Amino acid sequence: MGGKFISFEGPEGGGKSTHAAALAETLRAEGKTVLVTREPGGTRLAELIRGLVREELDDPPVTRAEVLLFLAARAQVVANVIKPALARGEWVLCDRFSDSTFAYQGYGRGIDVQLLKELNDFATEGLVPDLTILLDVPPEVSRERIAERQRATSTSADRIEAAGEAFHKRLREGFLALAKAEPERFAVIDSSGDPAEVDRMIREAVRGS
Ligand code: Z5A
């Protein structure tokens with residue numbers, strides 16, 4: 001039987017990387033071949049774009065350019081990494097995917113979400129995850145986890161992390177609205193609690209998908 005394509009979504013610090021890695025370990029222990037990738041990223045070109053969108057530039061990308069950069073990175077990872085892995089029958093876990101564009105550039109930055117969906121379809125050739133795990137955390141938990149990581153790594157907020165409180169509130173509401181519109185694809189999981197319990201809920205959602 002072929003593998004599934006699962007995306008992890010949600011506000012910063014929701015635990016996408018942590019819990020995607022834990023799910024990959026569980027699936028591998030069951031004998032499955034699992035590819036873990038991330039967005040933007042996952043190929044040389046897409047990783048270069050990742051650096052560009054996060055950098056503090058004198059001329060930061062205008063919102064339309066930001067959209068096109070994220071979509072260019074997505075087109076590359078879909079064509080060269082995700083689709084080939086699915087064609088080989090592997091499981092693919094992706095840390096962020098299309099819903100991040102709808103939430104950040106749509107709900108967050110105010111670009112029409114329907115237009116974004118059309119542009120995104122072009123980039124992905126219509127590829128949609130079989131299951132999307134939305135790791136939901138309130139903005140205060142997200143802020144605290146990011147601040148903790150910045151303290152631990154002596155780094156400061158990047159351009160997107162530094163966007164204001166109202167942006168982050170719209171973003172979270174956007175993710176929840178996307179999930180409400182497609183309940184059969186999304187599993188919404190409260191990620192503010194015990195990590196082991198979050199992992200358990202994710203495994204349950206995968207089993208039920
Ligand atoms: N972006 C966009 O605007 N449009 C798009 O189309 C796409 C992306 C694809 C990507 O950066 C940025 O690009 C992002 C969205 C934008 N904006 N920002 N900023 P990223 O993917 O590198 O950044 P991120 O998504 O914000 O990742 P993150 O901050 O690394 O968060 P995470 O992966 O969800 O969390 P984590 O690294 O697994 O965990 C964070 C900390 O919380 C860590 O210390 C964990 O140990 C801890 N943690 C995790 N889970 C728990 C639980 N359950 N309890 C307690 N502590 C936990």
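Proline 40 sits in the loop between S2 and helix H2 (44-54); helices (H or I, at least four residues) and strands (E, at least two) are DSSP runs, numbered from the N terminus. The peptide bond from glutamate 39 to proline 40 is cis, with omega near -10 degrees. Most peptide bonds are trans, and most residues other than glycine have a negative phi. The model is predicted, and local features need pLDDT of at least 70, side-chain atom pairs count only at pLDDT 80 or more, while totals for chains, interfaces and linings use all residues. Residues are numbered from 1 along each chain as its sequence is written, and side-chain values use heavy atoms, with hydrogens and water left out.

Two residues carry a positive phi without being glycine. Arginine 96 has a phi of about 80 degrees and is placed in the loop between S3 and H4. Its relative accessible area is 14%, so arginine 96 is buried (buried means under 20% relative accessible area, exposed over 50%, partly exposed in between, with a 1.4 Å probe and protein chains only). Glutamate 125 has a phi near 55 degrees and belongs to the loop between H5 and S4. Glutamate 125 counts as exposed because its relative accessibility is 54%.

The sheet comes next. Five strands form an open sheet with parallel pairing, in the order S2-S3-S1-S4-S5; two strands pair if DSSP finds at least two bridges between them. Strand S2 (34-38) and S5 are the edge strands, each pairing on one side only. On average, neighbouring strands are turned by 20 degrees against each other, direction ignored (axes are lines fitted to C-alpha atoms, for helices over the stretch in contact, and angles run from 0 to 180 degrees between N-to-C directions).

Within this sheet, S1 and S3 pair in the parallel sense over four bridges, and isoleucine 6 has leucine 93 as its bridge partner in S3. S1 and S4 also pair in the parallel sense, over four bridges; here the partner of serine 7 in S4 is threonine 132. S4 and S5 are joined by five bridges, again parallel, and aspartate 136 stands opposite aspartate 190 in S5.

S4 is largely enclosed by the rest of the structure because six of its six residues are buried. Leu131, Ile133 and Leu135 are buried on one side of S4, and Thr132, Leu134 and Asp136 on the other. Helix H7 (residues 165-181) lies across S1, S4 and S5 and runs at about 145 degrees to S4.

The largest nonpolar core has 18 residues, and those with the most contacts inside it are Ile6, Phe8, Leu23, Leu93, Ile133 and Ile202. Such a core is a set of buried Ala, Val, Leu, Ile, Met, Phe, Trp, Tyr and Cys residues joined through side-chain atoms within 4.5 Å. At least two residues of the core come from each of strand S1 (5-9), helix H1 (16-29), strand S3 (91-95), strand S4 (131-136), strand S5 (186-190) and helix H8 (195-207). A second, separate core of 17 residues includes Val67, Val113, Leu116 and Ala179.

Leucine 23 touches Ile6, Phe8, Leu93, Ile202, Arg203 and Val206, leaving aside residues up to four places away in sequence; contact means heavy atoms within 4.5 Å.

Two packed helices are described by the angle between their axes and the distance between the axes. Helix H3 (residues 63-87) packs with H5 at an angle of about 35 degrees, and their axes are 8 Å apart. Val67, Leu71, Arg74, Ala75, Val78 and Lys83 of H3 meet Leu116, Leu119, Asn120, Ala123 and Thr124 of H5.

H5 also packs with H4, at an angle of about 145 degrees and with axes 10 Å apart. On the H4 side the contact is made by Ser98, Thr101, Phe102, Gln105, Gly106 and Tyr107, and on the H5 side by Val113, Leu116, Lys117, Asn120 and Thr124.

Glycine 110 is found in the loop between helix H4 (98-108) and helix H5 (113-124). With 61% relative accessibility, glycine 110 counts as exposed. The C-alpha atoms of glycine 110 and glycine 89 are 38 Å apart, the two being separated by 21 residues along the chain.
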